[in-house]
Amino acid sequence: MFALFDDTGKFLAGRVMSEADSSMQIELDSGKRVKVKSANVLIKFAKPAPAELMAQAPALAAEIDLDLIWEVAPEDEFGFDELACEYFSDPASPVQQAAMLMRLYDTPHYFHRRGKGRFRKAPEDILKQALLAIERKKQQALQIEQWAQALVAGQCPQAIRDQLYKILFKPDKNGPEYKAVVHAAKEAQRAPLDLLKDAGAIDSPYQFHWKRFLFEHFPKGPGFAPLDAPPIKDELPLASVRAFSIDDSHTTEIDDALSVQGLGTGTVVYGIHIAAPGLAIAPGTPVDQVARNRMSTVYMPGHKITMLPDEVVQTYTLMEGRDCPAVSLYVHFDETTLAIQGSETRLERVPIAANLRHDQLDAVVTEAALTGEAPADFAFAPELSFAFRLARHLKAGREVVRGKPENFNRPDYTFKLAGPQGTHSMADGVEPTGSEDVILGTRQRGAPLDLIVAEAMILANSTWGGWLAELGVPGIYRSQASLQPGIKVRMSTKALPHAGMGVAQYTWATSPLRRYVDLVNQWQIIACAKNGRTAALAAPFKPKDADLFAVISNFDTAYSAYNAFQSSMERYWTLRYLRQQAITELECAVMVNGLVRADSLPLVFKALGCETLPRHTKVLVRITGIDELTLDVHASLVSRIETPEAADEGEPEGEGDDEVLDNAGPLTLAIDVNEGGAEPESTAPAA
């Protein structure tokens with residue numbers, strides 16, 4: 001006697017060795033004996049042999065007409081053996097019974113299982129839906145195959161081109177477009193990015209980086225819906241100052257200006273005036289929602305995406321020749337000792353006498369001119385001279401608290417893009433194509449005008465941060481516990497020391513037109529200016545406000561992503577510069593793990609042969625390849641120029657490198673061509 005039984009969804013057959021009331025001992029053809037519950041035994045038969053039955057039944061099952069047996073099957077529940085007798089003959093042979101069992105079991109869209117060997121035919125409407133789904137799946141499989149073959153042949157289907165960035169970075173792994181790319185990559189045995197590039201899916205390296213960023217952070221595009229700037233309704237007094245701003249020529253969001261009063265009187269009043277959109281824009285309004293969604297202006301060489309529409313920015317920007325609403329901090333200094341005698345905050349209209357542009361004045365407003373060692377033939381010379389003297393004094397005081405001086409050994413690099421229509425700047429609003437010539441320039445960090453602005457903003461941000469804490473009004477602070485390697489700046493609602501700045505507390509409140517955190521803090525400062533000791537009751541954000549923590553979290557995420565994008569685009573244009581200038585060798589300083597930093601360019605990359613060299617070793621490396629799509633540089637060591645002992649070591653070890661090393665990591669794609677949920681493929685280093 002033989003038996004066919006169900007072994008957890010798999011049909012097996014063998015010789016019955018013994019039988020009890022509720023179980024059987026069955027010997028399989030392999031010689032293995034298994035104990036089977038009687039309820040799982042579906043067919044008992046004397047012939048043919050189990051192996052023959054298991055060979056013949058599947059072939060016969062494939063010949064059974066599904067539509068016919070669905071038509072003749074009873075409406076009520078039935079057994080497979082009953083339907084076998086109806087379809088074949090009565091009685092049905094063991095092979096026929098087994099064939100019917102397998103056919104019913106393998107077609108759940110026609111017949112629903114109701115127990116061991118029991119079935120019920122699917123209702124007609126459900127069957128039609130199931131058959132349509134099966135047909136769609138079949139057609140989808142054919143479509144996937146066609147798309148994959150097109151990619152292998154070097155042609156990109158439009159459907160895949162339209163979803164390129166979704167496939168690479170946020171894929172629906174059940175989507176046909178994603179499956180087609182994976183299938184094609186496996187068949188061609190190529191990395192997906194290389195395959196898509198050669199198939200024409202990527203218009204250009206620049207467009208790849210730009211559109212990827214827009215896909216992730218501006219899926220509806222970087223433009224704005226029509227939006228009116230709300231008016232400032234406060235009656236503001238006119239300040240008796242002549243204020244001036246200091247910015248780059250491409251700056252349109254002029255957030256801050258300075259003024260100096262009382263020179264020669266023994267007490268100088270130093271004014272720091274910040275544009276006041278917070279007097280007009282209220283939390284929860286349409287303009288606020290736009291700013292909160294974006295969190296910050298995005299900067300990149302030759303272009304920018306502003307946090308607010310230009311017409312809104314121009315309403316509140318500190319434009320030359322206008323009396324502009326501002327939140328002003330006035331700090332009183334002893335003119336001789338520069339000791340702080342007091343400070344006050346006012347809401348007022350400030351006459352903006354000039355918008356100075358430091359890229360036009362750096363060569364004129366020099367340290368020698370500001371200290372009297374050379375003629376000072378420029379506007380606001382007395383005011384700038386005092387501001388420079390004060391800036392050096394404030395910086396020296398911070399360095400005492402900091403415990404060591406701030407080093408500005410590396411310059412800031414500037415990027416200008418020159419195309420057929422002239423030079424691109426952030427102010428003209430023209431989006432680069434990626435094919436422009438790039439002009440790289442340098443500005444020494446800590447130049448006099450830079451130092452004046454930087455120290456004024458640190459003074460304002462630390463003073464206002466302390467004032468908020470004194471009045472019990474929550475704000476968003478930036479703090480750093482120490483200068484030890486790995487200790488990063490954190491954002492919180494607590495007024496904690498900032499070791500890197502060397503101040504007791506530090507908040508961002510001086511760029512409300514281009515950073516949302518600054519706008520939030522400005523609302524809180526305005527409440528303090530209007531209400532004094534009762535400001536905590538009137539401020540928009542209360543202590544432990546969940547909305548304030550949400551702003552911190554969202555800002556941190558967005559700001560980090562925007563900075564990473566800016567770094568990647570600067571890296572792209574630096575690589576373009578290498579090509580355009582036909583640079584094949586660079587002098588560099590060794591960092592860690594084979595990374596080197598170019599002495600004359602804003603570029604960090606790996607160079608073969610530098611892995612074991614000591615940090616700060618000066619080396620000459622040869623550029624052997626550049627990939628503008630992956631932002632990768634292939635390079636190798638040519639020779640050592642100086643040992644670490646002889647080299648200028650610049651910053652102390654570890655300081656200032658965290659961000660560089662973060663931006664030197666690989667570009668991780670979310671597409672996975674490996675079976676079994678392997679790690680996402682990493683095909684390309686990023687900036």
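Student: Which helices do the buried residues of helix 8 pack against?
Tutor: The buried residues of helix 8 pack against helix 5 (124-152), helix 6 (158-162), helix 7 (164-169) and helix 9 (192-198). Packing here rests on contact, meaning heavy atoms within 4.5 Å, and buried means under 20% relative accessible area (1.4 Å probe, protein chains only). The model is predicted, so local features need pLDDT of at least 70 and side-chain atom pairs pLDDT 80 or more, while totals for chains, interfaces and linings use all residues. Residues are numbered from 1 along each chain as its sequence is written, and side-chain values use heavy atoms, without hydrogens and water.

Student: And which residues of helix 8 are buried?
Tutor: They are P176, E177, Y178, A180, V181, V182, A184 and A185. Helices are DSSP runs (H or I, at least four residues), numbered from the N terminus.

Student: How many residues does helix 8 have, and how far does it reach?
Tutor: Helix 8 covers residues 176-188, which is 13 residues, and reaches 18 Å from its first C-alpha to its last. That is close to the expected 18 Å, taken as 1.5 Å times one less than the number of residues.

Student: What comes just after helix 8?
Tutor: Q189 follows, with a positive phi of about 55 degrees.

Student: Which residue just after helix 16 takes a positive phi?
Tutor: That residue is G472, at about 70 degrees.

Note on methods. Helices (H or I, at least four residues) and strands (E, at least two) are DSSP runs, numbered from the N terminus. Buried means under 20% relative accessible area, exposed over 50%, partly exposed in between (1.4 Å probe, protein chains only).
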